[in-house]
Amino acid sequence: MSHKNKSIIFIILIVFISVLSVMFVVPIKTVETRNYMDTFVTISVDSTLFNKKNVDKAIDKAFSEIERIENVLSFYNEDGIIYALNTNGYLTKEKVTPELEYLIKKSVYYSDVSGGAFDVTIHPILNLWKEGLWTEDSERQNRVIKDELSRIGYKKILIDDNGIFLDGVKIDLGGIAKGYAADRALKILKDEGFDKALVNIGGDMVAGDGVWKIVLSDPDDLDNYITSFNISNKAVATSGNYERYFDPSKKIHHIIDPRTGYPASECISVTIIADKGIDADALATSVFVLGPEEGLNLVNSLDNVDALIIDDDRNIYRSNNLSKFEDLQFHSNA
Ligand code: AMP
Ligand code: MG
């Protein structure tokens, strides 16, 4: 073989190997954002170019699952199971899906451990504030809230072998559903063969394999950050009062303290790290209501749960083992 031919074969070989390594070895990240559950949902998957087509299919499947969960669990969707339960006041055993049972039992569990700070029957009170109770004088507010408080309460959810019975209350899974949906979406991505993935539903994130850096924005300046966490096969959920206000003075927001009927006022942001999104989500809402001291006690009493809490005066509280996840080089002075 001539020297020239040898060189050509060598170049072809190099090009071939390069193409193969780009296809099979060089990692690519696929990121897609859509709108579900009243917020932005972003799915990120690490893969190689070779299985890019399958990644797109898996992401589609994961989004479809989130859409399904939104429809099934929505407070307002007339075709959903929550709507049926709330309208009839009960569901017989045959009608109760394992998914609904799981979510309601989790909700009641977090109501119990949080001493009632987490309460999925809170919706009528949230609605009163949303519809303008904040414009009324405080005497009327007190009266209306007291009256409504006497009608709600998670203890009026009865779940047993006969099914689910609601004693005059309605269920709103808004404080737990996003974390659950993120768990399910990640499970689907993993089942499709993509373990290195992150699902983010409006700040409730569930991470698979690999190390994922989660940046916690400064609630007073969303372009800035408080800290960051490195997580792998964990969930991170944040509840904040800086996103959804009903009044111009930004006091009335969407997380209600069921013990008082007023919007929870001690925290501005609570981030929870837990094994699953469902737990991180429910706990973020619970701790937001409990406030920093009680909230931190609860978090420190639970296994594999950590928290970063920012109170109304911008003090930052960290749970005992948060440093396992926190990227200290990334600290700001906030
Ligand atoms: P999150 O953003 O996860 O903290 O959830 C906030 C949502 O949970 C609200 O929009 C309500 O639907 C619902 N919610 C508000 N207050 C509570 C509460 N004390 N317990 C359970 N769910 C709540
Ligand atoms: Mg929550």
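Gly175 is buried, at a relative accessible area of 18%, where buried means under 20% (1.4 Å probe, protein chains only). This is a predicted model, in which local features need pLDDT of at least 70, side-chain atom pairs count only at pLDDT 80 or more, and totals for chains, interfaces and linings use all residues. Residues are numbered from 1 along each chain as written, chains are lettered from A and ligands numbered from 1 in the order written, and side-chain values use heavy atoms, without hydrogens and water.

Gly175 sits in the loop between strand S5 (163-166) and helix H7 (177-191), and Thr285 in helix H8 (residues 277-290), 110 residues apart. Helices (H or I, at least four residues) and strands (E, at least two) are DSSP runs, numbered from the N terminus. Thr285 is buried too, at 14%.

Next, the lining of the second largest pocket. Which strand gives the most to this lining? S8 does, with five residues. Strands S2 (39-48), S6 (197-201), S8 (212-218), S9 (221-231) and S10 (235-240) each supply at least two. The lining divides into 10 nonpolar residues (Ala, Val, Leu, Ile, Met, Phe, Trp, Tyr, Cys and Pro), two charged (Asp, Glu, Lys and Arg) and eight polar (the others, Gly among them).

Terms used: Buried means under 20% relative accessible area, exposed over 50%, partly exposed in between (1.4 Å probe, protein chains only).
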